[in-house]
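Take a walk through this structure, one feature at a time. Keep the sequence and the 3D view side by side as you read.

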Amino acid sequence: MLLIGAGFSRNWGGWLATEAFEHLLGSPEVARDPGLRRLLWQHQDRGGFEGALAELQGQFARDPEAVRAPLMALQDAVRRMFDDMNSAFMAVTDWQFGEQRIERQIGTFLTHFDAIFTLNQDVLLEHHYANDNVALIGKKKWVGPEMPGMRPAWSQEPLHSKFWSRATWTPAPEADFKADGRCQPIYKLHGSSNWTRADGQPLLIMGGAKAREIGQTSILNWYAKVFEESLAAGNVRLMAIGYGFRDEHINAAIARGVERGLKLFIIAPEGAELARRLNPTRAAAQIKAPTPLEGMVEESLIGASRRGLREIFGHDDAEFAKVMRFFAT
């Protein structure tokens with residue numbers, strides 16, 4: 001199984017949370033509202049823009065009219081941010097990092113996985129990976145990719161008519177929530193910037209109440225169950241690329257998988273130290289208290305890479321071999 005977070009898209013210029021914060025500060029919606037700007041700064045070190053969004057969402061639940069305007073403004077700014085990032089991804093010309101050898105390309109690597117779970121709401125995968133090449137180069141002999149339970153309304157532009165990234169996706173009826181075993185499934189656990197609900201509203205989960213919002217959204221609730229059941233199937237191997245282990249509901253599902261023998265491989269700049277870096281008691285002059293996350297990683301980790309994907313799938317033969325060892329473990 002593969003789990004990807006913002007650090008995956010970062011390899012092609014995607015923004016991490018800190019960079020998204022900086023982008024939003026310069027957005028017209030935030031510039032027009034000094035109170036919204038102050039709120040973002042208040043949350044810079046404790047959740048970033050998602051922390052600010054969570055605070056507004058909580059206030060909206062108690063008194064909708066009092067915070068409707070700033071909440072709508074921040075949500076509009078976030079959607080504009082995704083539009084900018086997606087436009088940049090669609091212009092990317094080195095998806096394979098210039099690599100000509102099929103066996104060393106990122107696309108070929110992705111076809112090794114039985115399922116791809118992503119927390120990202122951009123359309124990088126949809127634009128560059130989800131196409132007929134999955135069947136042509138697939139190491140699992142897939143007939144193609146699929147987004148289980150989702151239905152596309154294709155772009156009317158002839159040049160874009162079959163691009164997943166250009167389509168608008170809406171959930172199918174719950175009776176059709178199933179995966180076709182012949183296709184490689186891609187599950188977007190937090191929705192996507194090009195998904196909409198039946199009423200036309202955006203279907204992407206942000207802020208501080210992700211687990212609650214997911215539970216109230218049929219397609220994402222089903223995705224969450226598939227994720228948990230997949231990890232708890234017994235003796236599963238999970239590779240996490242660019243995931244910062246900051247979503248408690250995701251960590252909880254991984255922990256339950258570890259109890260059933262799940263083994264973990266991490267690709268992130270922090271490598272095997274990622275969980276320790278998240279523990280505030282490991283700072284200088286603190287009394288060290290190991291966290292459950294540290295224990296989970298120590299029990300399950302079978303390898304890690306601190307290198308970027310451009311290095312791994314480019315010139316670094318030794319690191320590439322180390323990463324590919326994951327499939328033979």
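Start with charge pairs. By the rule applied here, the count comes to 19 salt bridges. The model is a predicted one.

Go to Asp94 and Arg310. Their side chains meet in a salt bridge, with N and O 3.1 Å apart. Asp94 sits in the loop between α6 (64-90) and α7, while Arg310 belongs to helix α15 (residues 309-312), so the pair ties together parts that are 216 residues apart in sequence. How accessible are the two partners, Asp94 and Arg310? Asp94 has 28% relative accessibility and counts as partly exposed. Arg310 has a relative accessible area of 38% and is partly exposed.

Move on to Arg276 and Glu298. Here the side chains form a salt bridge at 3.6 Å, N to O. Arg276 is in helix α13 (residues 274-277) and Glu298 in helix α14 (residues 292-300), so this pair links parts that are 22 residues apart in sequence. Arg276 is partly exposed, at 42% relative accessibility. Glu298 reaches 53%, and because exposed means over 50%, Glu298 counts as exposed. The pair also belongs to a wider set. Salt bridges with shared partners join Arg276, Arg282, Glu294 and Glu298 into one network.

Now step back to the domains. The domain assignment gives domain 1 (2-13 + 95-326) and domain 2 (17-90). The centres of domain 1 and domain 2, taken over C-alpha atoms, are separated by 24 Å.

How do the two domains meet? Begin with the residues. In domain 1, 19 residues are in contact with 13 residues of domain 2. Then take the area. The size of an interface is often given as the accessible area lost when the parts come together. Domain 1 and domain 2 bury about 1,300 Å² between them. Of that area, 64% is on carbon and sulfur atoms.

Polar links cross this interface too. Between domain 1 and domain 2 the rule finds four residue pairs in polar contact, with both residues at pLDDT 80 or more. Which elements give two or more residues to the side of domain 1 that touches domain 2? They are α8 (124-128) and β8 (202-204). On that side of domain 1, α8 gives the most, with three residues.

The rule finds one salt bridge across the interface of domain 1 and domain 2. Look at Arg10 and Glu19. Arg10 forms a salt bridge with Glu19, and their closest N and O atoms are 3.3 Å apart. Arg10 is partly exposed, with 36% relative accessibility.

Next comes a charged residue without such a partner. Find Glu146 in strand β3 (residues 145-146). Glu146 is buried yet has no salt bridge. Which side chain of opposite charge is nearest to Glu146? It is Arg151, 6.7 Å away. What surrounds Glu146? Leaving aside neighbours within four places in sequence, Glu146 is in contact with Trp164, Ala179, Asp180, Cys183, Gln184, Pro185 and Ile186.

Turn to His112. Its place is the loop between α7 (106-110) and β2 (116-118). Is His112 buried or exposed? With a relative accessible area of 18%, His112 is buried, because the cut-off for buried is under 20%. Not counting residues up to four places away in sequence, His112 touches Lys139, Lys140, Met324 and Phe327. The start of the chain comes into view here as well. Met1 and His112 are 111 residues apart in sequence, but 9.0 Å apart in space, C-alpha to C-alpha.

End with the backbone at two phenylalanines. Phe97 has a phi near 60°, a positive value in a residue other than glycine. Phe97 is in the loop between α6 and α7. At 11% relative accessibility, Phe97 counts as buried. Phe245 also has a positive phi, about 55°, although it is not a glycine. Phe245 lies in the loop between β9 (237-241) and α12 (248-259). Its relative accessibility is 3%, and Phe245 counts as buried.

Conventions:
Residues are numbered from 1 along each chain as its sequence is written. This is a predicted model: local features need pLDDT of at least 70, side-chain atom pairs count only at pLDDT 80 or more; totals for chains, interfaces and linings use all residues. Side-chain values use heavy atoms; hydrogens and water are left out. Helices (H or I, at least four residues) and strands (E, at least two) are DSSP runs, numbered from the N terminus. Buried means under 20% relative accessible area, exposed over 50%, partly exposed in between (1.4 Å probe, protein chains only). Lys and Arg count as positive and Asp and Glu as negative; His and the chain ends are not counted. A salt bridge is a side-chain nitrogen of Lys or Arg within 4 Å of a carboxyl oxygen of Asp or Glu. Contact means heavy atoms within 4.5 Å. Domain bounds come from an automatic or database domain assignment. Buried area is the accessible area (1.4 Å probe) that two parts lose on being put together, summed over both. A polar contact is a pair of N or O atoms within 3.5 Å; within protein, one must be able to donate a hydrogen and the other to accept it, and residues adjacent in sequence count only if both atoms are side-chain atoms.
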